[in-house]
Amino acid sequence: MGPQKLLDYVLALFEHAGVAQGVLTHKESGTVFLTHTSITQHDANVYRPLLCAVLQGAKEVGTSTRTLTARAGQSLIVSNALPVVSRITEATPEHPYVALVFPIDLDILRAFAASLTQSSTHRVSDPFSIRLAYTDNDMKSALLRYFRQCETEETRHMLAPITAREIHARLLIGQHGGTLQKLVWHENTASRIFAATHEIRSDLANPLVVGELAGRVGMSSSAFFEQFKAVTGTSPLQYQKDLRLLRARNEIQTTGSKISE
């Protein structure tokens, strides 16, 4: 399944919805589609576990310490909730930036734990939560089938869940597998850091004591600090601060609250 067929399908969705630029939320599939006709300024946001496949153009994504550029034909996965800064770097009216964001369900990933074999394991030495790889034709085909199955109620309920599992399985055994497989098994470093980020996000108003959080996830303070920064690209305290600032920004934009509030 060539990349053009998936791109054509997504472009047709934008045309049908009357969206020339911006975000199209596809409720039937739970996927978000994006398009831009020009390069953009840096924008801060929180990325939760997801697959972002760039179909046309290019986008720069990163934290304060790491930056990756995803180009047409490539995809990136984010395995932890991360405050990131991104910008579109390649886009024109004739060839706009086009991408899709497919949410990753960790429960579906973990359901495959017993099926993973040593031969399917992809060793990845870099623990960073954002990973870039090429999107193979099998993944493009699965995504296209999934979107088409979501078009009607019958296939959406009977076939789409099967294809969604296939997409997750392909993520586990494909080039992104090494990063995601670390989240499949409990009681390893990646899972502990994931639990820590979840705890921080669940109560941003709570003062963060790094040593206590390290103890709750079963790590020493020094190892926790080192691994947290390796996985998220920032320190635990800065991670909390970035999330607080993003939440405050959203409150101002959506509710009209004052900055002092």
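Which strand pairs with strand 7 in the antiparallel sense over 4 bridges?

Guide: The model is predicted: local features need pLDDT of at least 70 and side-chain atom pairs pLDDT 80 or more, whereas totals for chains, interfaces and linings use all residues. Residues are numbered from 1 along each chain as its sequence is written, and side-chain values use heavy atoms, without hydrogens and water.

The partner is strand 4 (residues 50–56); strands are DSSP E runs of at least two residues, numbered from the N terminus, and two of them pair if DSSP finds at least two bridges between them. In this pairing, leucine 51 stands opposite isoleucine 77 of strand 7. Strand 7 is also joined to strand 10 (residues 130–134), antiparallel, by 5 bridges, and here isoleucine 77 faces arginine 131.

Strand 7 (residues 74–78) is largely enclosed by the rest of the structure, because 5 of its 5 residues are buried, that is, under 20% relative accessible area (1.4 Å probe, protein chains only). In a regular strand, side chains alternate between the two faces of the sheet. Both faces of strand 7 are covered, with Gln74, Leu76 and Val78 buried on one side and Ser75 and Ile77 on the other.

Ser75 and Leu51 are also among the residues that line the largest cavity, as are Tyr134, Arg170 and His176. A cavity is a set of points on a 1 Å grid over the protein atoms alone where a 1.4 Å probe fits but cannot get out; lining residues have an atom within 4 Å of a point. The largest cavity holds about 120 Å³ of space, a volume being the space filled by probe spheres set on the points.

Definitions and conventions:
Buried < 20%, exposed > 50% of the residue type's maximum accessible area, 1.4 Å probe, protein only. 1 Å grid on protein atoms, 1.4 Å probe; cavity = no way out; pocket = protein on both sides within 12 Å on 5 of 7 lines; lining within 4 Å.
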